[in-house]
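Work through these exercises with the structure open. Each one gives a task, then a solution in steps.

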Amino acid sequence: MVTQPGPADQPAPGAGTGPAEQDALRPRSLSPSRAGDFLSCPLLYRFRVVDRLPEPPSPAAVRGTLVHAVLERLFDRPAADRTPACARSLLGPEWQRLAEAEPQLSALFEADEQRDVWLSEAAAMLDRYFTLEDPRRLEPAHRELHCEAVLESGLLLRGYIDRLDVAPSGEIRIVDYKTGTAPREEFEARALFQMRFYALVLWRSQGSVPRLLQLMYLGSGEIIRYTPDEADLLATERKINALWRAIERARDAGDWRPRPSRLCDWCAHKAICPAFGGTPPPLPDPAAIPVPTAEAAPLAGEPPAAGEAPAAGEGPAAGEPPAAGESPSSGEEPAAGEAPAAGPAAVPPPAT
């Protein structure tokens, strides 16, 4: 969409209005990352969206960013050149690019030896990727695709999809790379919430239900595949709308309760969490609190997604995330996790 500039003397949108009027003009939007935050811990959502507290980057989170960047660049190369050696050769330049863009990342390591070990762990994840698929046989339709859709409720959903594959027949496969290890079977539905979110966005924006959702866990070399249908995505839509109502109730009441879990060990705000004896900062004036909006990308330093286990040695015990698949409160719409159990799909991926 192209927006034409107006006359020079035309007031900017929201100019001359008070906080309440400006609040009404802001889009009501949600990303899968922020939805996952609220499901995992409403107080974490508040710290990130309402208070906008800074979070220091962690080596694990930055390594995830680096591996994603290398895999994106890998598909810039001719198909025949997409080899493990090529991927490894991209590690150094991509790390240099990230460090130049965010100089504070260099402070993650006290010595070059620590950085080198960290890079070798990233290289091992890239090697593991090649055991899961052959990128020489793939031509993704999109990488790091920004997608958005407005639900009938008026809620704007948006986010970034790691990779979108489209078969000659038009069938769509959504692919997401994870640098943690795969969750236990009972947590797979929770792990797939983000993917159902993206599938819902594509369905509502393009009118087509994606054929396959694919999570690739580079920490353990496993793939979770799931085939959604319209009933599944309708349940996801009800869950997201119920979630948004819960967020709005928390915002109106100023009631952002912590939900302690094993992932608290990853939280950058543990010191100010009342569940651990801390004191959160005072809430802003209710009239000045912005309508929560989606983030353009996951924040550096975030813990693993709900349902996803961290890579070995990086955090809490695998398979013990918070109850992220639960409805926001009793009596709300059914959770997305109540759809058919997520397991390896029997259908093949779209042709590429």
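Buried means under 20% relative accessible area, exposed means over 50%, and partly exposed lies in between. The model is predicted.

**Exercise 1.** Classify Glu72 as buried, partly exposed or exposed.

Solution. Step 1: take the relative accessibility of Glu72, 23%. Step 2: compare with the cut-offs of 20% and 50%. Step 3: Glu72 therefore counts as partly exposed. Its salt-bridge partner is Arg73, at 3.6 Å from N to O. Arg73 is partly exposed too, with a relative accessible area of 25%.

**Exercise 2.** Find the salt-bridge partner of Arg48 and classify both residues.

Solution. Step 1: Arg48 pairs with Glu55, and the closest N and O atoms are 2.7 Å apart. Step 2: Arg48 has a relative accessible area of 5%, so Arg48 is buried. Step 3: Glu55, at 14%, counts as buried.

**Exercise 3.** Check the span of helix α9, residues 230-253.

Solution. Step 1: count 24 residues. Step 4: inspect the ends. Asp229 caps the N-terminal end, with a side-chain oxygen 3.3 Å from the backbone nitrogen of Ala231. Gly254 follows α9 and has a positive phi, near 65°.

**Exercise 4.** Which residues touch the most other members of the largest nonpolar core?

Solution. Step 1: the core has 47 residues. Step 2: Leu30, Leu157 and Ile174 touch the most other members. Step 3: helix α8 gives the largest share, nine residues.

Technical notes: Residues numbered from 1 in each chain as written. Predicted model: local features only at pLDDT ≥ 70, side-chain atom pairs only at ≥ 80, totals over all residues. Heavy atoms only, no water. Helix = DSSP H or I, 4+ residues; strand = E, 2+ residues; numbered from the N terminus. Expected span 1.5 Å × (residues − 1). Polar contact = N/O pair within 3.5 Å; in protein donor to acceptor, adjacent residues only side chain to side chain. Core = buried A, V, L, I, M, F, W, Y, C linked by side-chain atoms within 4.5 Å. Buried < 20%, exposed > 50% of the residue type's maximum accessible area, 1.4 Å probe, protein only. Salt bridge = Lys/Arg side-chain N within 4 Å of Asp/Glu carboxyl O.
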